[in-house]
Amino acid sequence: MAEGSDNKNKRKNGGREIVSRLIFAALLIVFLVSGGLFLRDFLTYKKGESDYAAVNAAITVEETPEKTPEETAAAGATEDAAADDEAGDQDKTEEYPALAIDFDKLEKTNADFVGVLYVPALDLYYPVAHSHDNAEYLHRTFSGEQNPCGSIFLDKEASADFSDLNTFIFGHNMKNETMFGSLKRFSREEGLCDADPYIYLYTKDTVRKYHIFSYSVCSVNDDLYRNFSGRDGYGPYVKHAQNLSQYRPETDTYKDDFSQYPPILTLSTCYGTAHTQNFVVFGALAGTYENSH
């Protein structure tokens with residue numbers, strides 16, 4: 001009886017050992033696969049970052065020198081005088097950040113280049129390519145490399161001069177917050193947009209300044225992606241964007257007059273991992289200036 005009991009215990013212990021080894025092997029496989037996927041993503045991101053570091057070398061955000069108290073006071077007096085002058089002799093170059101952009105280099109790099117997008121609050125700046133089918137730049141960088149980070153690109157139906165009543169620009173929501181991955185910071189960091197609620201588009205000749213009036217998470221099938229034509233659809237579209245918005249601009253900075261039909265710029269990126277939602281940021285044109293830089 002004792003011998004039979006010992007054999008039974010040995011079989012039981014042996015079975016447990018096999019199960020333990022199988023569990024260990026399974027965990028090891030999961031670890032190796034996860035590590036491989038992480039390494040693949042890491043190398044992919046690094047390659048994309050390296051590619052865009054070379055491209056963005058053609059774009060330099062010029063720092064504004066810090067003013068002395070005397071200079072600040074003098075500037076304030078100048079602004080007061082300009083505000084009283086209906087002709088507005090104020091230097092328009094002060095209406096937008098100074099970017100040194102090598103347009104010739106960017107045009108040579110990519111014939112689809114249409115301008116440079118800059119969102120100061122996010123330190124986000126990229127060249128924009130005009131897509132031909134809204135698919136080519138999903139996995140192709142601005143310089144033509146195949147990479148999942150893709151490009152920042154203009155909707156295939158949009159006018160290259162940004163003259164439409166609503167212009168879509170798309171980009172991937174990268175985990176490392178490159179491309180349009182940083183857009184979601186607006187909803188995550190309270191007050192970020194109010195601190196600097198502007199988006200800029202730079203071309204060789206002009207700078208277009210947009211005032212952000214809405215950002216939100218929406219379905220990929222939302223009516224926001226059913227663009228309108230003409231002024232009849234403009235009001236309902238803006239109202240819908242405002243109703244969905246997580247953003248409520250401070251009253252002293254909210255100056256958009258939609259009765260004048262200012263053109264809208266819409267930045268769109270995916271949101272979450274299920275690919276059923278997007279994050280969108282809307283800006284209304286606040287001014288167009290001669291690009292003097």
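Start by selecting Ser245 and Tyr215: the side chain of Ser245 reaches the backbone nitrogen of Tyr215 at 3.4 Å. That is a polar contact, meaning a pair of N or O atoms within 3.5 Å; within protein, one must be able to donate a hydrogen and the other to accept it, and residues adjacent in sequence count only if both atoms are side-chain atoms. Before going on, note that this is a predicted model, where local features need pLDDT of at least 70, side-chain atom pairs count only at pLDDT 80 or more, and totals for chains, interfaces and linings use all residues. Residues are numbered from 1 along each chain as its sequence is written, and side-chain values use heavy atoms, with hydrogens and water left out.

Ser245 sits in the loop between α6 (234-244) and β9 (264-271); helices (H or I, at least four residues) and strands (E, at least two) are DSSP runs, numbered from the N terminus. Is Ser245 buried or exposed? Its relative accessibility is 7%, so Ser245 counts as buried; the cut-offs are under 20% relative accessible area for buried and over 50% for exposed, with partly exposed in between (1.4 Å probe, protein chains only).

Now step back into α6. Pick Tyr234, Tyr237, Val238 and Ala241, the buried residues of this helix. Seen down the axis of α6, they fall within an arc of 95°, so they line one face of the helix; the arc is that of the directions from the helix axis to the C-beta atoms. To see what covers the buried residues of α6, colour the strands, including β6 (166-170), β8, β9 and β10 (277-290).

Next stop: Tyr215 again, this time with Phe279. Their ring centres are 6.1 Å apart and the planes are at 35°, so the pair is tilted. Rings of Phe, Tyr and Trp (its six-membered ring) pair if their centres lie within 6.5 Å; planes under 30 degrees apart count as stacked, over 60 as edge-to-face and the rest as tilted. The pair links distant parts of the chain, with Tyr215 in strand β8 and Phe279 in strand β10, 64 residues apart. Tyr215 is buried at 7% relative accessibility, and Phe279 is buried at 1%.

From β8, follow the chain back to β7 (residues 198-202). A hairpin of three residues joins β7 to β8, and five bridges hold the two together in antiparallel fashion; strands pair if DSSP finds at least two bridges between them. Select Tyr198 and you'll see its bridge partner in β8, His211. Lys209 lies over the face of Tyr198, 4.4 Å from the ring centre (a charge sits over a ring if NZ of Lys or CZ of Arg is within 6 Å of the ring centre and within 35 degrees of the ring normal).

On to β3 (residues 113-119), which pairs with β7 in the antiparallel sense over three bridges. Here Tyr118 stands opposite Tyr200. Four of the five residues of β7 are buried, so the strand is largely enclosed by the rest of the structure.

Finish by selecting Tyr96, Tyr118, Tyr125, Tyr198, Tyr200, Tyr202 and Tyr289, which form one aromatic cluster.

Definitions and conventions
Contact = heavy atoms within 4.5 Å.
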